[in-house]
Amino acid sequence: MAATTNSASNGISILDLILKKKQGSALTKEEIEYFVQGVVDDAISKEQLGAMLMATVLKGLDDFETTCLTRAMMNSGEVMSWPEKWRGKIVDKHSTGGVGDKISLVLAPILASCGMKVPMVSGRGLGHTGGTLDKLESIPGFSVAFNTSAMRSILEDVGCCIVGQTETLVPADKKLYATRDITGTVDSVGLISSSIVSKKAAENLDFLILDVKCGKGASTNSEEEAFELGTRMVNIANGLGINTAALMTEMTNPIGQAIGNALEVAESLSCLHGKGPKDVMNLVYQLGGHLLSRAGLKETVEMSCSMMEALVRDGKAMDCFRRMIIAQGVAEDTAKRLCDPENDVWAILPKAKHVTGLKSDKKGFIHEIDSKRCAIASGKMGAGRSKSGDVLQFGVGLMLQVGVGDAIDKGDVWVNVHHDTDSIPVDVLTELEQALVVEDQELTSKNESRVMKVITSSLDMH
Ligand code: URA
C-alpha cells in the first residue's frame with residue numbers, strides 16, 4: 001500500500017506534504033485528512049511518517065492545522081454517542097500529569113453527585129508514577145475495560161465512570177504516538193494538543209476543564225510552555241464545539257501528602273470524607289467550579305464550589321464513588337467497607353511491607369519538596385513503570401509529613417517511605433535526600449490554591 005503515498009491521490013501525495021511542511025507552510029484541511037487516513041490505513045511508510053512528524057515538530061502547526069488534525073484523529077475511530085436527554089451535562093477533566101495527582105478520583109464522583117455525566121477515559125502511567133487507572137486498580141476487583149454501551153449504563157445509574165481507552169477510540173493516536181515515542185517527536189505543542197484533545201473529543205463532551213501542570217514535576221516546566229500548551233488545547237477544543245477552559249496549576253511540589261497508587265486511593269477517600277489535604281480540595285473545587293459554572297449549573301465559580309462542598313459534606317459524592325467502583329467490578333461489601341469512615345482502608349488496600357521515616361538534617365522553613373525527585377524515588381520502588389508492561393507495586397510510595405512553608409526542626413520526620421524491600425534502596429534515598437529544600441528564612445509567599453492562571457478562549461472555528 002505504501003505506493004499510494006508516493007503517487008498523487010486527489011492531487012495529494014505524502015512526499016509533497018513532507019516537503020511543504022519542511023518549508024514551513026501550513027497544510028490544508030484536505031491534506032491533513034489525507035495524512036491521518038494514511039496513518040490509519042498503514043499506507044505511509046515508517047520513513048515517511050517519521051519525516052513528516054519531524055517536519056511538524058520543527059516547523060510547528062498553527063491553531064487551524066491543529067484543529068483539523070484533532071478532528072481527523074477523532075474521526076479515525078468511534079465517537080461515543082449519548083442519550084439526547086444528557087446533552088448539556090456531559091463533562092470531563094483532563095490533566096497533563098502531575099505528581100500525587102489523584103484529582104480525577106475525587107472530582108469525577110463529585111461532578112456525578114451534581115447531576116453531571118462524566119465518561120472519563122483515562123490513562124495508565126508511563127513514567128515514574130502510576131496513572132489514574134493504575135491507582136484505581138489497586139482497589140481489589142476494580143476493572144477499567146468497558147465499551148461505550150457499558151459506560152452508558154454506568155453513567156445512567158451512577159453518573160460517572162473512569163475507564164481505559166478502547167481499541168476503537170482514536171486509533172490514529174495510538175499509531176502516531178508509537179512512532180513519536182521512537183523518533184524524538186513527542187514534544188510538539190501541536191502534536192500533544194491534538195493527541196489529548198482528540199481523545200476527549202471522541203468522548204463527545206459538552207464541557208471540558210483542562211489542568212495544565214507547570215513546574216519541575218510536569219512535562220511543561222516553564223510558565224511560557226504551560227501557557228502555550230493550555231492556550232492551544234483550549235482553542236482547538238472550543239473549535240471542535242466543546243466549551244473548554246484550562247487552569248494552569250503549580251506542579252513544583254507534590255499534590256497532597258500521598259504519592260503512590262494505593263496511598264493515593266486512601267487520600268482520595270479522605271478527600272471524599274471531607275478530610276483531604278487543603279491543596280487537593282482547593283484544586284478539586286477550582287477545577288470543578290470552573291467546569292460547573294461554564295456548564296451553567298451555578299452562576300459563579302464560588303457558588304459551584306459551595307455546592308460541591310455541600311455534596312462532599314453530606315456524603316453524596318462518596319456515595320457516587322462507592323456506586324462507581326461497584327459498577328466497575330468491586331464487590332459490594334468491599335466497596336461499603338472501603339468507603340465507610342469507621343473502617344480501616346488498609347484492611348482492603350494493598351500495603352507496603354515496611355514504613356520508614358526520613359528525618360530532616362536541618363532546622364528552618366520548607367521552601368520546596370521537589371516533586372520530580374519524589375516521583376523518581378516512588379518509581380524506583382515500583383509505583384510506576386519504566387516500560388509498558390512493567391508490574392506495579394501498589395502499596396509502595398511516599399507520605400509527606402510536612403508541607404511547603406512549614407517550620408521544621410533537625411531530626412523531624414518529613415516523609416514516611418512505604419517500601420517492599422527490607423531497607424530503602426540507596427538510589428531512592430539519594431533522590432529523597434535532595435528533594436527537601438530547607439532554608440533559614442521564612443517563606444514569604446505561598447500559592448495555597450495552586451492555580452496560577454485561568455485560560456479561556458472565545459475562538460470559534462467550526
Ligand atoms: N498525553 C497524550 O495523550 N498525548 C501526548 O502526546 C502527550 C501526553
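Where in the chain does Arg-450 lie? Arg-450 is in the loop that links strand 12 (436-439) to strand 13 (451-455). The model is predicted, with local features requiring pLDDT of at least 70 and side-chain atom pairs counted only at pLDDT 80 or more, while totals for chains, interfaces and linings use all residues. Residues are numbered from 1 along each chain as its sequence is written, and side-chain values use heavy atoms, with hydrogens and water left out. Helices (H or I, at least four residues) and strands (E, at least two) are DSSP runs numbered from the N terminus.

- Arg-450 has a phi near 70 degrees, a positive value in a residue other than glycine.
- Arg-450 has a relative accessible area of 3% and is therefore buried; buried means under 20% relative accessible area, exposed over 50%, and partly exposed in between (1.4 Å probe, protein chains only).
- Asp-42, also a residue other than glycine, has a positive phi near 55 degrees.
- Asp-42 is placed in the loop between helix 3 and helix 4 (46-59).
- Asp-42 counts as exposed because its relative accessibility is 52%.

**Helix 3 against helix 5**

- The axes of helix 3 (residues 29-40) and helix 5 (residues 63-74) cross at roughly 40 degrees and come within 9 Å. Axes are lines fitted to C-alpha atoms, for helices over the stretch in contact, and angles run from 0 to 180 degrees between N-to-C directions.
- Helix 3 and helix 5 are therefore oblique to each other; angles under 35 degrees count as roughly parallel, over 145 as roughly antiparallel, 65 to 115 as roughly perpendicular, and the rest as oblique.
- The crossing of helix 3 and helix 5 is right-handed, meaning that the near helix is turned clockwise from the far one by less than a right angle, with anticlockwise giving left-handed.
- On helix 3 the contact (heavy atoms within 4.5 Å) involves Lys-29, Ile-32, Glu-33 and Val-36, and on helix 5 Phe-64, Glu-65, Cys-68, Leu-69, Ala-72 and Met-73.
- This contact of helix 3 with helix 5 has 7 nonpolar, no polar and 3 charged residues. Nonpolar covers Ala, Val, Leu, Ile, Met, Phe, Trp, Tyr, Cys and Pro; charged covers Asp, Glu, Lys and Arg; the others, Gly among them, are polar.

**Cysteines**

- The structure holds 0 disulfides, a disulfide being a pair of cysteine sulfur atoms within 2.5 Å.
- For Cys-161, the closest cysteine sulfur is in Cys-160 at 7.2 Å, too far for a bond.
- Cys-161 is buried, at 0% relative accessibility.
- For Cys-339, the closest cysteine sulfur is in Cys-320 at 11 Å, too far for a bond.
- Cys-339 is buried, at 8% relative accessibility.
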